Amino acid sequence: MSRRWYTFKDCRARRRIDLPNRTILKDRDSKPLIEDLNRIPGFETLSRKSRVETEMVKSSEVIFVDGVPVAFKREGQFVPVLTNTVALEKMPRVTVDMGAVPHVVGGADIMAPGIRKVEGTFGENGLVVIIDEKHSKFLSVGRSLLDSQALVTTKKGKVIVNFHYVGDAVWETIKSQGASHSGS
């Protein structure tokens, strides 16, 4: 029987495992964060005793509550992630035509000619969710440059800044970690 000697190369893992770069917040840090999130429609049910983790993704801080991504913070503003349908359902909606969909999910800002319908009321710089007219799927979350009444009457120009969209860095981080956690 021949005995095989192993080298250091043989001991290295064949598969690379990417672990999330999350920071678990202490209670004194997580409680004020949960209180801030509870003021936003759709986040009222978050418990102060929940486990809160954060992860930096480019210029955004993604917030996980009990392992579930709920929002991210960019420029001091909380924005619900596109997988948080409970919060997105309570937000004002802007429906865009199907021609605008590839541009919106590519990160482009929303232009007035592509808007088909505005639902809900919001002020200038208010957060809105962008959906497509055919399937009513959530495409992005943006910050409106106009209030809801002015948005309805505007016929040209940029009207919504795209903050978070399907396929951006936050989306990819959430989806990749969701796939690795689903098996556990």
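Start by selecting S30, L33, I34 and L37 in helix α2, which are buried (buried means under 20% relative accessible area, exposed over 50%, and partly exposed in between, with a 1.4 Å probe and protein chains only). Look down the axis of α2: the buried residues fall within an arc of 100°, so they line one face of the helix. That arc is taken from the directions from the helix axis to the C-beta atoms.

This is a predicted model, in which local features need pLDDT of at least 70 and side-chain atom pairs count only at pLDDT 80 or more, while totals for chains, interfaces and linings use all residues. Residues are numbered from 1 along each chain as its sequence is written, and side-chain values use heavy atoms, with hydrogens and water left out.

**The helix itself.** Select residues 27-38, the twelve residues of α2. The end C-alpha atoms of α2 are 16 Å apart, which agrees with the 16 Å that the helix should span at 1.5 Å a residue. The expected span is 1.5 Å times one less than the number of residues. Helices (H or I, at least four residues) and strands (E, at least two) are DSSP runs, numbered from the N terminus.

**What covers it.** Next, show β2 (52-57), β3 (60-65), β4 and β5, which are included in what covers the buried residues of α2. Contact here means heavy atoms within 4.5 Å.

**The sheet.** Now colour the five strands of the open sheet, whose order is β1-β2-β3-β4-β5 with antiparallel pairing. Strands β1 (23-24) and β5 (77-80) stand at the edges with a single partner strand each, so one side of each is left without a neighbour in the sheet. Two strands pair if DSSP finds at least two bridges between them. Zoom in on β4 (residues 68-74), which pairs with β5 in the antiparallel sense over four bridges. To see how the two strands line up, select A71, which stands opposite P80 in β5.

**Salt bridges.** The structure holds eleven salt bridges (a side-chain nitrogen of Lys or Arg within 4 Å of a carboxyl oxygen of Asp or Glu). Some of them can be visited in turn.

- Select R48 and E35, whose closest N and O atoms are 3.5 Å apart. R48 is in the loop between α2 and β2 and E35 in helix α2, 13 residues apart. R48 is partly exposed, at 47% relative accessible area, and E35 is also partly exposed, at 33%.
- Select D36 and R39, where the closest N and O atoms are 2.7 Å apart. D36 is partly exposed at 31% relative accessibility, whereas R39 is exposed at 63%.
- Select D109 and K158, whose side chains meet at 3.3 Å, N to O. D109 lies in the loop between α4 (101-104) and β7 (110-111) and K158 in strand β11 (residues 158-165), so the pair ties together parts that are 49 residues apart in sequence. D109 is partly exposed at 26%, as is K158 at 45%.
- Finally, select R22, R51, E53 and E55, which a network of salt bridges links.

**The whole chain.** Of its 184 residues, 41% are buried. Among contacts between residues at least 6 apart in sequence, 57% join residues at least 24 apart.
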